[in-house]
Amino acid sequence: MLLQRLALCSRIPLDSQRHVCRLLIRPLTQAPQGRVHGSSFAHRGELRQAKRIVVKLGSAVVTRGDECGLALGRLASIVEQVAMLQNQGREMMIVTSGAVAFGKQRLRHEILLSQSVRQALHSGHNQLKDMSLPVLEARACAAAGQSGLMALYEAMFTQYSTCTAQILVTNLDFHDDQKRQNLNSTLQELLRMNIVPIINTNDAVVPPPEPNSDLQGVISIKDNDSLAARLAVEMKADLLIALSDVEGLYNSPPGTDDAKLIDIFYPGDQQSITYGTKSRVGIGGMEAKVKAALWALQGGTSVVIANGTHPKVTGHVITDIVEGKKVGTFFSEIKPAGPTVEQQTEMARNSGRTLASLHPDQRSEIICHLAELLTERKEEILAANKMDMDLAVNAGHLPPAMLKRLSLSPAKLNSLAIGLRQIAVAAQDSVGRVLRRTRVAPSLELEQITVPIGVLLVIFEARPDCLPQVSALAIASGNALLLKGGKEAANTNRVLHQLTQEALSMHGVREAVQLVSTREEVEDLCRLDKVIDLIIPRGSSQLVKYIQRAAKGIPVLGHSEGICHVYVDADASIDKVIKIVRDSKCDYPAACNAMETLLIHRDILRTPLFDQIIDMLRTERVKIHAGPRFASYLTFSPSEAKSLRTEYGDLECCMEVVDSMHEAVDHIHKYGSSHTDVIVTENEDTAEQFLQQLDSACVFWNASSRFADGYRFGLGAEVGISTARIHARGPVGLEGLLTTKWVLRGDGHTVADFSEHGTMKYLHENLPIGQPLAGQRDSN
């Protein structure tokens, strides 16, 4: 199908193509704002500003696995991305390989056809199986494939109303000043006319590369890597994207045990790299790519080396790079003063293992010391918080609810310190607690004990009080912690993190808690599945949903919505209903445990209780949205709810009518978010059925939904509320940050005999947990 479309597109008359080109010529003022050429971009995020971009397609990218012919599907997706960027107003250039492979396919076909005809004439068809192909010379293949390769590019780009032009160059074209000026002028004119130049070395005539033939300060054109680098610098390109068949640059050959992908490569890091062999096709290799990239970087062009062959990323690899996402290896001249996020994670993991091995008293001491620092250094904390508040108020982009979360006060710090001391007490009996003890055989004793999860990534918005809370829970549970806070609280977070590390230093585990302060995108952090074990987002439902979508292979603990219900039963007490509904909705409407839907039993309508509920909500200035059934009972109803599955997060709520407790349960299961749901009734049997039948993380009887909180549950603090059904659920405190492992102690003489006779020898005798086994120390 693709080939048919390409064949059809290639039949567009030349005059029509020229007409399209003239229509697409645009003034440069419509292009994205570029920069003054001379220095490369310092950070990936700045790549969005790239206006002039060179895309280099290596031989392994454009050719098939058999090295004869082109990978059409892969090439089509690359063309689509280049055309899209071109139509955004950028100036795109392609340096391509593939002529030799295309020509080899064509010549092989011609040779086989010629041989088959000759043999059919002389020997008959029975000899066809003995045909052999001669070795095809690369220059001849290039000569035969160049025209076909260009025709293919033209047909593909025509689908996106984009014109192309072919330019063949050799090393001499760059060494001769007049030829170089002519080349520059031609390319400038093509770019001005919104045409994509497609450049390749003229392999039909180019001589073999001479070793060490680079002129002083000038890279020699030995392959398409050096051609792309030379062209990018000559044309003052902002970005060079070199696509190959590897993810990027590794510190050692890919596939070896210790090979790690390098996210950012700096010119001074060459000595730390061990290069492997070249790719299956092409004349370059990773060493040639790095040399070309560094030369381009020195000339003021940013460089990214990435994989253009992976089927899952090829369709968006170029656009991802231009959007600043963490793809491949980014070459930068500016080395940050601090460690990379990967290095921070490694430091946290190593220090976290030491933290987990500390005595419980030592972990408690760290938390208590942090609580003391919060009150002793409160002036320093509040001064930093005032800076953040002033910046946020002047910017004017934070809503009042977020400003309230951002603000700290002496009372808030004292409350935080009290919560931390509660966590310190709980830390005495957390890591290493024996949950189960079994004697499997006379000399085999098995234990299940609690252990830390590993490395936690907590992402939180403008709520600096989250930092010491989560840090204390991580310390108590022996987990390493990576924190990513909102930029609105940058100054406050920096001071609180310094105090946290000061407390950790008392037992030599300072690096166990790390604050990510680099220009790291949240989406990039969520891809670190090899070093992060659990992600905990703290913030709005939009943030949680975004993290859940972005996480690649890492579990996310949290809830995306807090659609909490309060059901008022026919047997409810008037006083309890008013108090519970008021507190659930009006105490803190932006909280995730605030009531969003009020369900009323049908028998309560047109009763004094119903009137009092409406009067109270009006007094509290709560806007009511009527559900479809409630609206049908009223002559003049409030505005009808657009959806029964809405988290308002403000002084608004939905009101709906149900016939029974069972109907209320069905409604909550259909429209709720499994967060927190409440029944108000004096009928114990009805309440017990509600508590048993409703499948939510928190289910309350005659209590406000606002009680769904780790502090109120006596957890000291919480890392969030989970609506998941695996692992922790509801307010997640210290227990939710632990997992278990099995420990088996034997004498070395008992073997694992799974035969029918052997199984009978196992006892499976449960032993008391509260005391250590004979001859061993209890893990606590």
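Buried means under 20% relative accessible area, exposed means over 50%, and partly exposed covers what falls in between, with a 1.4 Å probe and protein chains only. By that scale Arg606 is exposed, because its relative accessibility is 63%. The model is predicted, so local features need pLDDT of at least 70 and side-chain atom pairs count only at pLDDT 80 or more, while totals for chains, interfaces and linings use all residues. Residues are numbered from 1 along each chain as its sequence is written, and side-chain values use heavy atoms, with hydrogens and water left out. Helices (H or I, at least four residues) and strands (E, at least two) are DSSP runs, numbered from the N terminus.

**A parallel sheet and its helices**

- Four strands form an open sheet in the order β13-β12-β11-β14, with parallel pairing; two strands pair if DSSP finds at least two bridges between them.
- At the edges are β13 (513-515) and β14 (534-538), each of which pairs on one side only.
- From one strand to the next, the twist averages 20 degrees. Axes here are lines fitted to C-alpha atoms, for helices over the stretch in contact, and angles run from 0 to 180 degrees between N-to-C directions.
- Five bridges link β11 (residues 455-460) with β14 in the parallel sense, and Val458 stands opposite Ile536 of β14.
- Helix α20 (residues 541-550) packs on the sheet and touches β11 and β14, its direction making about 160 degrees with that of β14. Contact means heavy atoms within 4.5 Å.
- Helix α12 (residues 341-357) lies across β11, β12 (480-484) and β13, and runs at about 150 degrees to β12.

**Asn493**

- Asn493 belongs to helix α18 (residues 490-504).
- With a relative accessible area of 3%, Asn493 is buried.
- Not counting residues up to four places away in sequence, Asn493 touches Phe460, Pro464, Leu467, Gly485, Gly486 and Leu515.

**Helices α4 and α6**

- Helix α4 (residues 72-87) packs against helix α6 (residues 138-158) at an angle of about 55 degrees, with the axes 10 Å apart.
- The two helices, α4 and α6, are therefore oblique to each other. Angles under 35 degrees count as roughly parallel, over 145 as roughly antiparallel, 65 to 115 as roughly perpendicular and the rest as oblique.
- The crossing of α4 past α6 is right-handed: the near helix is turned clockwise from the far one by less than a right angle.
- On the α4 side the contact uses Leu72, Leu75, Ala76, Val79, Val82 and Ala83, and α6 supplies Leu152, Tyr153, Met156 and Phe157.
- By class, this contact has ten nonpolar, no polar and no charged residues. Ala, Val, Leu, Ile, Met, Phe, Trp, Tyr, Cys and Pro count as nonpolar, Asp, Glu, Lys and Arg as charged, and the others, Gly among them, as polar.

**An enclosed helix, α9**

- In helix α9 (residues 224-234), eleven of the eleven residues are buried, so α9 is largely enclosed by the rest of the structure.
- Among the buried residues of α9 are Asn224, Asp225, Arg230 and Glu234.
- Lys236 follows α9 and has a positive phi, near 55 degrees.

- Strand β15 (residues 564-568) runs parallel to β19 and is joined to it by four bridges; Tyr567 stands opposite Ile679.
- Four bridges also join β19 to β20, again running parallel, and Asp677 has Val699 of β20 as its bridge partner.

**Loop residues**

- Most residues other than glycine have a negative phi.
- Ser674 has a positive phi of about 60 degrees although it is not a glycine, and sits in the loop between α24 (661-671) and β19 (676-680). At 16% relative accessibility, Ser674 counts as buried.
- Arg606 also has a positive phi, near 60 degrees, in the loop between β16 (595-601) and α22 (608-619).
- Ala703 is in the loop between β20 (698-701) and β21 (720-722). Leaving aside neighbours within four places in sequence, Ala703 is in contact with Ile580 and Val678.
- Ala703 and Lys579 are 124 residues apart in sequence and 9.2 Å apart in space, C-alpha to C-alpha.
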